[in-house]
Amino acid sequence: MVVTVRAGGNLQRALDAARPGDTIMLEAGATYPGPFTLPRKAGGDGWIIVRTTTADSALRPGERVAPAQAHLLAKLVAPGRGEPALRTEAGAHHYRLVGLEFSTVTADAHAYDLVVLGDGGPTQTSVERVPHHITIDRCFVHAHPTQELKRGVQLNSAHTEIINSHISGFKVKGQEAQAVGGWNGPGPFLIENNYLEGAGENIMFGGARANTAALVPADITIRRNHLRKPADWRGKWTVKNLLELKNARRVKIDGNLMEGNWLDAQQGYAVLFTPRPTDSSEWAAVEDVEFTNNVVRSSAAGLHVSGQDDLFTPAPRENRLKRVRIANNVFSDISYERWGGDGCFLKIGAGAEEVTVEHNTVMHDGNITKAWGDPIRRFVFKDNLLRHNDYGIIGDGLGPGAKSIERYFPAAVFAGNVIIGAPEHLYPPRNFYPSSTAEVRFANLSNGDFRLAPSSPFKGRATDGRDPGCDFSQLPTAQ
């Protein structure tokens with residue numbers, strides 16, 4: 001059945017009456033005052049579709065929606081009083097939201113989250129209460145330009161997709177704000193082909209207590225998104241990082257563009273993999289993470305990888321970070337001079353295990369690594385192309401090079417790297433230490449083309465016979 005709710009009609013009544021397989025059509029350009037609740041339906045796994053009347057021929061499936069298309073969407077607005085535009089009843093399932101705009105009724109209406117999938121509080125304590133099979137597709141979720149609003153989508157559900165959408169303007173002074181944040185839903189989650197703005201973190205998993213025992217958000221795919229903080233937010237809103245995992249398992253982060261992060265409420269690292277029992281749950285873990293084919297740029301620092309929570313001791317071995325692969329990424333304009341912080345590529349320590357860093361091209365003005373705490377076991381660092389700068393690979397209390405590697409990266413695989421400007425006598429053999437970027441012979445360094453020129457002496461010199469650094473032929477497909 002297809003039910004059309006015209007402007008001024010009762011959308012909640014239509015949602016309550018809908019049955020699996022029904023479609024609710026909302027008038028393009030019309031505004032529907034919320035909050036609205038997606039109710040749980042007994043029986044059947046057919047989808048209930050809630051969508052704009054705009055045809056797919058004008059709002060193409062698979063294409064990311066843009067603010068300029070707002071006139072094609074139906075608008076659901078939060079009324080203020082701290083309420084969202086849309087929320088779910090416990091156990092609600094099989095809803096597909098297509099071509100909708102979510103905002104507040106006015107710029108001064110008070111809200112915390114615009115779309116609330118599941119419950120982040122103490123009422124969602126079992127998987128039976130978790131909403132599931134929900135898709136947000138080609139939707140525009142946004143705060144007003146001057147408005148403080150904490151979160152676009154609260155993602156405490158299961159089997160949920162956020163795709164082809166534009167989620168922007170989430171910012172607060174003195175607190176964290178996210179475009180997408182989840183902590184009390186099991187997954188799986190697909191976040192694909194979206195534009196995402198959040199001042200605190202653009203995407204975060206963990207950071208608040210999971211009220212279902214032993215719950216770790218899992219089977220997460222974050223693919224082909226644009227994560228960005230606008231430069232004019234600098235100095236106005238509380239900024240931390242672009243993506244953070246505090247409690248997550250089996251995560252694929254592939255083919256994303258991440259840009260705009262600076263020293264503010266944190267040190268300015270763009271991406272954090274840091275298990276945090278102190279502000280998640282005592283079982284919090286970060287493990288089995290793939291970070292591949294991403295472009296990270298215009299940030300105070302690169303990656304912060306911690307084996308354990310420095311405020312939660314002693315950390316049991318099973319809760320330490322493990323099995324993380326960082327491969328075939330480009331990091332550029334990683335700069336303390338432009339963005340504050342320390343310009344470091346990789347801050348890593350506290351007993352992280354099984355971390356592989358390979359085939360990355362890095363343009364930065366700080367250290368390669370800053371290591372601390374317990375040694376990093378089974379560490380692989382190979383086939384990367386990056387700059388040594390002042391201190392290269394260094395750990396707390398030691399000088400750069402061999403002594404830091406021996407202390408913090410015992411028995412590490414360290415081969416096939418091109419480290420520009422490194423003192424060769426301080427580092428292991430089976431690597432390359434050109435004295436300058438000119439010696440590397442990039443294709444067009446001044447224009448941001450970091451491929452090796454055909455005349456480069458390092459062509460084909462990686463341990464696998466390919467070029468050191470990122471394999472740029474993979475990026476267009478991934479992104």
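Biologist: Which residues does Arg51 touch, not counting residues up to four places away in sequence?

Modeller: Arg51 touches Thr23, Ile24, Met25, Leu26, Asp56, Val98 and Leu100, where contact means heavy atoms within 4.5 Å. This is a predicted model, in which local features need pLDDT of at least 70, side-chain atom pairs count only at pLDDT 80 or more, and totals for chains, interfaces and linings use all residues. Residues are numbered from 1 along each chain as its sequence is written, and side-chain values use heavy atoms, with hydrogens and water left out.

Biologist: Is Arg51 buried or exposed?

Modeller: Arg51 counts as buried because its relative accessibility is 12%. Buried means under 20% relative accessible area, exposed over 50%, and partly exposed in between (1.4 Å probe, protein chains only).

Biologist: What joins the side chains of Arg51 and Asp56?

Modeller: A polar contact of 3.1 Å joins them. The term denotes a pair of N or O atoms within 3.5 Å; within protein, one must be able to donate a hydrogen and the other to accept it, and residues adjacent in sequence count only if both atoms are side-chain atoms.

Biologist: Changing topic, how many residues of strand S32 are buried?

Modeller: Five of the six residues in S32 (residues 353–358) are buried. Strands (E, at least two residues) are DSSP runs, numbered from the N terminus.

Biologist: And how many bridges join strand S29 to S32?

Modeller: Five bridges join S29 (residues 322–327) to S32, and the two run parallel. Ala327 has Glu358 in S32 as its bridge partner.

Notes. Helices (H or I, at least four residues) and strands (E, at least two) are DSSP runs, numbered from the N terminus. Two strands pair if DSSP finds at least two bridges between them.
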